[in-house]
Amino acid sequence: MTNLLLPLLEKSPSARIVTVSSESYRQAGQPLLDDIELERNYSLVRAYAYSKLYVWWLMCRFDARLKAKGIGNVTVNTVEPGSAVTGLQRESLRKSPFMLPLVLLWMPFMRTARHGARTSIYLASSPEVEGVSGQFWGNRRPKRINPKWVSPDGERRIWDYCARVCEPYLNQADSAS
C-alpha cells in the first residue's frame, strides 16, 4: 500500500512513513525463511514474534530502496509502542480466554494507549526527527538492535515474498479503477 502512495509522498517536502512493530521480535528465535507462513512450525508466540521481525525487516528494505533511488524526502521508521492497554487485548482475550491470567499479571507494566502512541506521533510530526530514517524507535528515541537480528538476506526474502503474495491483489485494484 505504501508503495502505491509513494508518488504522492515524493511530492511532499518531508514525508514520513511510521510503522508499528514490537520488541517481541526477540522471542522468535532463528527465522524460518523456508517456512515463512509457519505451515510446518506454527506456534502463537513464534507467529507473533516473526511478524514483528518481518515488519521491521520490510521497513529496513523499504528505506534502503528509497535511498538507492535517491529519494531523500521520504523517511521510514519503525516504532515499538511498548505494552499498552488497547482494544487488541480485549479482542485477544475474547478469542483466547486462556490468556487472561497472563494479561492480568502483565497489567501493572502496561501503559495507556495514549502513552503507547507517543513515539509514533513524535516520528510523524516532530521537526527534531525530520530526515531521520531507517531506525527502530521506542520511548521517542532510537533503540539498539542486536546484530543477530540484522539480515539483509532475510529482508530481501521477506520483501520478495510479500511482493509476490500481494501482487494479485494490487493487479485487481488496478483493473477495478
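Me: Are Y50 and Y54 buried or exposed?
Reply: Both Y50 and Y54 are buried (under 20% relative accessible area, with exposed over 50% and partly exposed in between, using a 1.4 Å probe on protein chains only). This is a predicted model, where local features need pLDDT of at least 70, side-chain atom pairs count only at pLDDT 80 or more, and totals for chains, interfaces and linings use all residues. Residues are numbered from 1 along each chain as its sequence is written, and side-chain values use heavy atoms, leaving out hydrogens and water.

Me: Where do Y50 and Y54 lie?
Reply: Both are in helix α2, four residues apart, about one turn of the helix. Helices here are DSSP runs of H or I, at least four residues, and strands are runs of E, at least two, numbered from the N terminus.

Me: OK, aromatics. How many aromatic pairs are there?
Reply: The count is eight. Rings of Phe, Tyr and Trp (its six-membered ring) pair if their centres lie within 6.5 Å; planes under 30 degrees apart are stacked, over 60 edge-to-face, the rest tilted.

Me: Why is the pair Y25 and W56 stacked?
Reply: Their planes are at 20°, so the pair counts as stacked, with ring centres 6.3 Å apart. Y25 is buried, at 2% relative accessible area. W56 is buried too, at 6%.

Me: What parts does that pair tie together?
Reply: Y25 lies in the loop between β1 (15-20) and α2, and W56 in helix α2, so the pair links parts 31 residues apart in sequence.

Me: Which residues form a cluster with them?
Reply: Y25, W56, F136 and W149 form one aromatic cluster.
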